[in-house]
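Hi everyone, thanks for coming. I'd like to walk you through one protein chain today, so please have a look at it while I talk.

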Amino acid sequence: MSLQMVSAVGNSSLVQPGFSLLNFDGHVFFFGQKGWPKRSCPTGVFLLDIKQNELKMKPATFSKDSCYLPPLRYPALCTLRGNAESDEYQYIIHGGKTPNNDLSDKIYIMSLVSKSSKKTTFQCVEKDLGGDVPEARYGHTINIVHSRGKSVSVIFGGRSYTPLAQRTTEKWNSVVDCLPSVFLVDFEFGCCTSYILPELQDGLSFHVSVARNDTIYILGGHSLQNNTRSPSLYKLKVDLPLGSPAVTCTVLPGGISVSSAIVTQTGDTEFVLVGGYQSDNQKRLVCNTIVLEDNKIEIVERVSPEWPSDIKHCRMWFGCNMGKGSVLLGIPGANKQSISDANYFYILRCKGVEEDKEEELTAQICSQTSTEDPGDSTPFEDSEEFCFSAEANSFDVDDTDTYNEDDEEDESETGYWITCSTSCNIDINTWVPFYSTELNKPAMILCSSGAGHWVHAQCMDLSESMLLRLSEANVKYFCNEHVDLNKGLQTPKKVVHLKKQPMKPLRKKATMKLTSPSKKSFLRRLFE
């Protein structure tokens, strides 16, 4: 095992406890930053590019048919393969905390669409589930098991907020252990089933789970109710016959009392357990090798790296599995530099020396500069690339682009980077302000159809004057797709006919019959 320090110079506050790392074909991506994503990277997913002892964060993008994915911390992640022989796989993301400290109950499937030297594109799809859907939670685990040619995912543990009916003013945001239920999720049919097993008495969070074939092993974890870290080792076995699934649990000896530990896989059947806490105030500096073979598990202590004094004496540490037998560890750097919320990072490689050299050689070959003309490459701006250098003194702290969470605007889950209609032409990668009132996001207007939904004013062909008039008039607006439907549903207004006064009958004109003498006298007087 080897430990390499990576000193964070700027923007290290983006990486906070609870972040996740995704490994696609040896490329590591960071997910779950503190605060809503920066406008330069609305997805909140960054490529961790490690070259010549430097770690740079380059923003990734999502395809246009992707759903909105908030930056979640403490979610449950695992890989999902099409079949055992396939090299292509996806990541399942479930639960976690949003930057507003709301908890998510959604499940996302994230896959790599394309990757080049300039740009990485992902696709994210939200899965609709029915049945016993797990409540919103964080600090839990999810694994894939295979049995009789079928596969399901297994969700267990975690914490959730106290139900609304049980909250008080003083304990409004208090959290509790989730019930010790085991959830089986079938992604093919989109259904969930929960199981209560007598062997699982307490809800556990921040535990460790490793899976092989049809079996999951759960060790460690913290229980809020008892304020203990479980020393038990649980073995969950899932059988998937033609009928209903069968889930059994067995309590085994040889567990480890630890929480928030990190597991990385170093071989087909070998895993390494690193970090965590054995009590509230004591880190666990011992490492273990976990071997899964056939129907048994073996946990043995292994030689730990030479932990530096910074790690030994710090109060807390955090990290995540980078894949390929490597772990990214972080510790607070408040005692080492003027930026109080900055962190220091280490990369722990758990494989043998020969394997490490082979991987380093492969990484050097893969990371060599491309043969394309460097003039054709588009350089990243300061806001798009964050640099972590091993030489902490090579940068002036005042010149770094320090991240400030207060600078970020809050963004609802509807998001501004949505496909508002079938004819939506807003592309997050090429969008430029269209109205004079726009700054960092396209103007939107609420369609009042049904429960209401947001649409881009530009896609609705609204002029700026019309947009301003609608926003000031406080009237209902219907988008292009619902305006005709709304007209059809409207009841025609009654036409009020004005009552006309009846015309009075004309009086008969009085006629005077003139006799000849009278007529002559009348005419004489008329012309006199």
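The average pLDDT of the protein chain is 78, and 72% of the residues score at least 70. Please keep in mind that this is a predicted model. Where is confidence lowest, and where is it highest? The lowest is strand β33, residues 386-389, with a mean of 40, while strand β25, residues 270-274, has the highest at 96.

There are also stretches to treat with care. Residues 335-341 have a pLDDT below 50, and beyond near neighbours in sequence this stretch has 13 contacts in the model. Residues 360-415 stay under 50 as well, and here the model has 90 contacts beyond four places in sequence. Where pLDDT is low, the predicted coordinates should not be read in detail. Let's move on to the sheet.

**A sheet of five strands**

Please find the open sheet whose five strands run in the order β11-β17-β16-β13-β12, with mixed pairing. Which strands stand at the edges? They are β11 (130-131) and β12 (141-147); each has a single partner strand, so one side of each is left without a neighbour in the sheet.

Let's stay with β12 for a moment. Six of its seven residues are buried, so this strand is mostly covered. Its pairing with β13 is antiparallel and runs over seven bridges. Together β12 and β13 make a hairpin with two residues between them, and R148 in the turn has a positive phi of about 55°.

Now step across to the other partner in our list. Strand β13, residues 150-156, pairs with strand β16, residues 181-186, in the antiparallel sense over four bridges. If you want a place to start, V154 stands opposite L184 in β16. And a handy thing to remember while you look: in a regular strand the side chains alternate between the two faces of the sheet.

**A serine in a loop**

Next, please look at S205, in the loop between β17 (191-196) and β18 (208-212). Is S205 buried or exposed? With a relative accessible area of 0%, S205 is buried, because buried means under 20%. What does S205 touch, leaving aside its neighbours within four places in sequence? The contacts are G139, G158, R159, D177, G221 and H222. With R159, the side chain of S205 makes a polar contact of 2.8 Å. And G220, 15 residues away from S205 in sequence, is 8.8 Å away in space, C-alpha to C-alpha.

**An annotated binding site**

Last stop! An unreviewed UniProt entry carries the annotation "binding site" for C420, C424, C447, H453, H456, C459, C479 and H482. Let's visit two of these residues.

C420 is in the loop between β33 and β34 (444-447). C420 counts as buried, because its relative accessibility is 9% and the cut-off is under 20%. Not counting residues up to four places away in sequence, C420 touches H453, W454, V455, H456, C459 and M460.

H482 is in another loop, between α3 (464-473) and α4 (483-489). Its contacts, leaving aside neighbours within four places in sequence, are C447, S449 and H453. With H453, the side chain of H482 forms a polar contact of 3.2 Å.

Note on methods. Residues numbered from 1 in each chain as written. Predicted model: local features only at pLDDT ≥ 70, side-chain atom pairs only at ≥ 80, totals over all residues. Heavy atoms only, no water. Pairing = 2+ DSSP bridges. pLDDT = per-residue confidence, 0-100. Contact = heavy atoms within 4.5 Å. Buried < 20%, exposed > 50% of the residue type's maximum accessible area, 1.4 Å probe, protein only. Polar contact = N/O pair within 3.5 Å; in protein donor to acceptor, adjacent residues only side chain to side chain. UniProt positions renumbered as here; feature names shortened; annotations may be inferred.
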